[in-house]
Amino acid sequence: MKILLCAVIVLAAVGAAWRTSEPTIGTDGAQWSINTDLAAVEVALPDPHDALNVSGFAVPSVHAVSAVELADGTLRAFWFGGSREGAADVSIWTATLSPGAEAWSEPNVAISREDCEADVDRTIRKLGNPVAAIDGDGRLWMFFVSVSVGGWSGSAVNAVSSADEGQTWGPVERLVTSPFANISTLVKGPAWPLKDGAIGLPVYHEMVSKFPQILRIETDGNRAIVEGRQTPAGSRETIQPWVVPTSPTDAVTFFRRVGDTEARVHVSRTSDSGKTWSTPTPCDLPNPNASVAAANLGGGRILLAFNDKDNSRKDLSLAITDDNGDSWTRLGSVETKKRLPDEKDIDRLEYSYPWLMRTRSGEVHLLYTWNRKQIRHLRLPRPSHATEEATP
Amino acid sequence: MNPSDLIALCAHLLAVLVLLSLVGGRSRKAWRIRFAILVGCILIGLPGVQRGIFGDLSAASIVTCVGFLIGTATGQVRTLLRITFVLALPLYVTSLSGIGPDLYALGFSQWWLVVPLAVFGFWSVSQERFWITLWVLLALVMTALPIHESSNLWDALVDVPAAVAGLVAWCIGWKASGKASST
């Protein structure tokens with residue numbers, strides 16, 4: 001009997017050892033698989049009057065947009081919306097913008113709270129923060145947070161995928177990311193494919209202490225499971241990491257700062273494919289405890305969208321760095337407290353949660369929350385001198 | 001519903017049954033009432049609520065529930081819970097604070113973690129502490145096979161309810177030893 005039990009333990013231990021030998025981020029093929037050899041593009045400040053309404057008027061409150069470029073160049077955006085943030089009627093919404101189109105498609109619900117609850121077989125009170133990503137096989141993934149009890153700090157991350165670029169969705173999978181009742185992991189920044197076929201997903205923790213993490217997620221068809229987690233050392237009070245790979249081994253991460261001190265955008269760097277990260281340090285740009293977004297412009301330059309105020313989200317601005325965040329040149333404000341004609345009845349102005357993306361054709365797009373009423377989209381124009389130079 | 005969801009919901013039902021067994025006697029009538037309440041709990045979706053709050057239960061909780069219902073080997077189950085608390089404490093402190101090494105991450109990527117666990121399993125077999133053997137074995141099987149929502153070894157070993165029960169077991173033990181030394 002005892003020998004038999006020991007034999008079973010050995011067998012189970014071999015199986016368990018095999019499952020717990022996953023590579024960590026930055027090692028053994030778990031490096032990002034992103035084209036970082038980009039042609040340099042120049043951008044100018046867009047006019048907010050040119051903004052497109054992405055979210056339509058289906059629900060009164062919307063927030064936290066993300067977007068991906070599909071195979072034919074169509075943009076697909078995701079955001080959460082309902083009667084108010086945190087309400088039970090909040091769903092994850094989606095809409096598309098075809099190449100050359102002048103307006104976004106009618107938005108529709110991608111995942112509702114009820115869908116999520118049924119798929120993960122547990123009570124869900126609210127949904128938020130969708131982040132879209134395309135894996136190495138071209139499958140569209142969406143990660144979003146759900147809360148079963150308490151506030152946003154009680155969030156868990158969920159994954160759902162689509163084989164037809166967002167027309168239909170597979171079952172929602174709840175990812176296990178934390179040992180403490182699997183709570184307090186949230187997602188905001190863009191994911192990236194890894195060389196071994198997995199997905200690297202920047203996330204952040206909010207309960208007791210606030211800090212960023214990176215998950216390694218393995219996918220198999222429409223199933224996703226967390227197979228690794230990395231917590232960069234010394235990065236407390238910085239959340240919502242936005243990672244910009246700049247070479248096969250180098251990347252810069254920009255953070256929202258949540259502490260009472262050093263209310264600046266924080267920056268961290270890696271030169272070993274994400275295996276280790278420098279301690280986040282404040283840069284010249286203010287951060288009023290608000291999300292930031294970045295895009296690689298090529299030629300060693302990175303564009304950042306941020307709120308250029310110490311204590312409000314009334315000014316959404318753009319700045320460019322050519323030294324990985326050490327120094328910045330401000331392009332200017334996209335949205336300011338100067339009210340547009342359609343803002344006269346809005347009590348509290350807010351332009352927040354920007355999402356920047358560069359498409360394969362080199363166009364740069366900015367999407368953001370407009371007063372919690374709309375998700376707006378701006379194509380960043382080329383500067384006039386760049387246009388003139390391009391004209392034969 | 002996939003098999004891992006079914007197993008997880010059954011484990012939560014088992015936990016409800018344990019809580020119900022704390023009330024009333026051990027008569028047949030009392031058990032009938034408990035099962036009637038259990039059916040009510042299923043109908044109102046209580047296991048789903050529990051799962052939403054605590055996630056999938058670990059081997060520690062499942063073995064404790066079974067041990068409690070059978071009512072034998074309470075000493076072994078108490079030891080199991082105390083060990084669970086000792087394992088969970090540094091795991092939770094590092095995971096919630098972000099300070100120190102990310103112990104939880106080891107459960108994804110460090111295969112050697114199963115070696116001390118297996119050795120502990122062999123020890124429990126040699127000492128005929130079969131409830132502890134069952135805990136180790138179930139945790140290893142949960143990690144090896146996709147029957148737990150997590151692929152992390154720690155999630156198969158410990159969870160919050162078992163860690164809290166472990167803390168209670170330590171407190172009861174300290175109180176009892178304090179009383180014994182004062183008499």
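Two residues count as touching here if their C-beta atoms, placed from the backbone, lie within 7 Å. Keep that in mind as we walk through this predicted model.

Start with A:Val65. Leaving out residues up to four places away in sequence, A:Val65 touches A:Val54, A:Ala77, A:Phe78, A:Trp79, A:Tyr353, A:Trp355, A:Leu367, A:Tyr368, A:Thr369 and A:Ile375. A:Val65 also belongs to the largest nonpolar core, a set of 158 residues, and is among those with the most contacts inside it, along with A:Ala294, B:Trp135 and B:Leu140. Helix α8 of chain B (residues 130-144) supplies the largest share of this core, twelve residues.

Now look at strand β4 of chain A, residues 91-97. Seven of its seven residues are buried, so the strand is largely enclosed by the rest of the structure. In a regular strand, side chains alternate between the two faces of the sheet. For β4(A), both faces are covered: A:Ser91, A:Trp93, A:Ala95 and A:Leu97 are buried on one side, and A:Ile92, A:Thr94 and A:Thr96 on the other.

What pairs with this strand? Strand β3 of chain A (residues 75-82) runs antiparallel to β4(A), joined by seven bridges; A:Phe80 has A:Ile92 as its bridge partner. Strand β5 of chain A (residues 108-111) also pairs with β4(A) in the antiparallel sense, over three bridges, and there A:Thr94 stands opposite A:Asn108.

Finally, the contact between the chains. Chain A puts in 43 residues and chain B 45. On the chain A side, α1 (2-19) and β14 (223-230) are the elements giving two or more residues, and α1(A) gives the most, with twelve. By class, that side has 21 nonpolar, 13 polar and nine charged residues.

Methods: Residues numbered from 1 in each chain as written. Chains lettered and ligands numbered in written order. Predicted model: local features only at pLDDT ≥ 70, side-chain atom pairs only at ≥ 80, totals over all residues. Helix = DSSP H or I, 4+ residues; strand = E, 2+ residues; numbered from the N terminus. Nonpolar A, V, L, I, M, F, W, Y, C, P; charged D, E, K, R; others polar. Core = buried A, V, L, I, M, F, W, Y, C linked by C-beta atoms within 7 Å. Buried ≥ 20, exposed ≤ 12 C-beta atoms within 10 Å, placed from the backbone. Pairing = 2+ DSSP bridges.
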